[in-house]
Amino acid sequence: MARIPTLSAVRGRLRTAGVLASTLVLAASLTACGGGGESATPAAQNSAGSAVDANAFPTTIEHKYGSTTITQEPKRVVTVGLTEQDALLALGVVPVGVTDWLGKFPGTIGPWATDKLGGAALPEVLKDVDGPQYEKIAALKPDLIIALYSGLTKEQYDKLSQIGVPVVAQPKEYNDYGIPWNEATKKVGQAVGRATKANELVKGVEDKFAQAREDHPEFAGKSALMASTYEGYFVYGSQDGRSHILESLGFNLPADLDTIIGDKFGKSLSAERTDLLDRDALVWLIDTPAKAQDILGKDALYTGLKVAKEKREVFIENEGTYGSAVSFVTVLSLPYVIDRIVPQLAAAVDGDPKTEVKPAS
């Protein structure tokens, strides 16, 4: 299965989660599961990572459903968002529970992040089919729940809050699943009392982007887009993390991209808007190169575009580690991505159709 239908389905289901019995019954159940004490579940603990900042607590974080105050250093963190485990690990905090997205890595920890576990046990993996698994989350006895990269509804936020611990929802300034990786890292750092280290980590990745722009001035002002062959041609909007990668390397997104997409993270194009794909560089997230070539090669509208004729395409397989890292877009996955996508984009925009855009290892 391609990565796009998986993510799209998760997001759609998050927004349409059903009611769990009644609020009063749920509240009683969650209260019974929550609270102090040790969980019987094998749980990772904070590793010997970065030190907590002086005067870090109490701290208040604004979000889509108000604000949340955290009064002391969290020791047992559960992520309801799909990618925040990377920021936590980078800060030396191993979550006790994480929400599955890609469905392929043990503990939902990608290969680019496993060394940050420091020998700690993998977190418990939670599923999200019709919303968060409230009882399982409560059973982990968290003292902080983070849902920054999420589509958490108000009802879901309220139910999580009934567990009786701070819940940090997605920010209101962005679309659901629209928080940029750097802001997500900083908010996670604030939540766990490691804002100083979070800023350092963000600067390190931003410096790597800056170096790539300096090494490749030809990227500046060129147009680029990320797309998939899900439900025709699916393109990512300006608030999606994958688009942020291209912008951070100096590329421009299509000027009318968000007008076409609206307030979503992406959208499938109608046939008459296939022209939107005609960029200086077009990054395809695909199942396999053979399948993509079969789909694209049979479309006269697409093969007639300059991007296809001049072979300015970059193909990245969803099922590989590289494709997963591209979709994750975190402080830990981005260095891995930059090292691989920059040479491919350089080959795509060099103006010579004979230049092969080689697959990344």
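**Group meeting talk: cores, cavities and a pocket**

Hi everyone, let's start with Met226. Leaving aside neighbours within four places in sequence, Met226 is in contact with Phe234, Val235, Tyr236, Arg242, Ile245, Leu246, Val283, Leu285, Val326 and Ile341, where contact means heavy atoms within 4.5 Å.

A word on the source: this is a predicted model, where local features need pLDDT of at least 70, side-chain atom pairs count only at pLDDT 80 or more, and totals for chains, interfaces and linings use all residues. Residues are numbered from 1 along each chain as its sequence is written, and side-chain values use heavy atoms, with hydrogens and water left out.

Now, which residues have the most contacts inside the largest nonpolar core? They are Met226, Leu249, Phe251, Ile341 and Leu345, in a core of 72 residues. By nonpolar core I mean a set of buried Ala, Val, Leu, Ile, Met, Phe, Trp, Tyr and Cys residues joined through side-chain atoms within 4.5 Å. Buried is under 20% relative accessible area, exposed is over 50%, and partly exposed is in between, with a 1.4 Å probe and protein chains only. The helix α14 gives the most to this core, with 9 residues. Helices (H or I, at least four residues) and strands (E, at least two) are DSSP runs, numbered from the N terminus. The core draws at least three residues from each of domain 1 (59-194) and domain 2 (216-349); those bounds come from an automatic or database domain assignment. Apart from it lies another core, of 21 residues, among them Leu253, Leu282, Ile286 and Ala308.

A search of the whole structure finds 2 cavities of 30 Å³ or more. On a 1 Å grid over the protein atoms alone, a cavity is a set of points where a 1.4 Å probe fits but cannot get out, while a pocket is an open set with protein on both sides within 12 Å along at least five of seven lines; lining residues have an atom within 4 Å of a point. Points are joined across faces, edges and corners, and a volume is the space filled by probe spheres set on them.

The largest cavity has a volume of about 170 Å³. Of its 17 lining residues, Thr83, Trp181, Phe328, Val329 and Thr330 lie nearest its centre. Where does the largest cavity lie? Both domain 1 and domain 2 give residues to its lining, so it lies between them. The largest share of that lining, 4 residues, comes from α6.

Thr83 sits in the loop between β3 (77-79) and α3, and is buried, with a relative accessible area of 9%. Beyond its neighbours within four places in sequence, Thr83 is in contact with Trp101, Tyr149, Phe328 and Thr330.

Phe328 belongs to α13, as one of its buried residues. After α13 comes Val329, whose phi is positive, near 50 degrees.

The second largest cavity has a volume of about 50 Å³, and its lining includes Leu82, Trp101, Phe105 and, once again, Phe328.

Last, the largest pocket: about 410 Å³ of space lies in it. Its lining has 21 residues, with Pro289, Gln293, Glu313, Phe315 and Val357 nearest the centre. Thanks, everyone!
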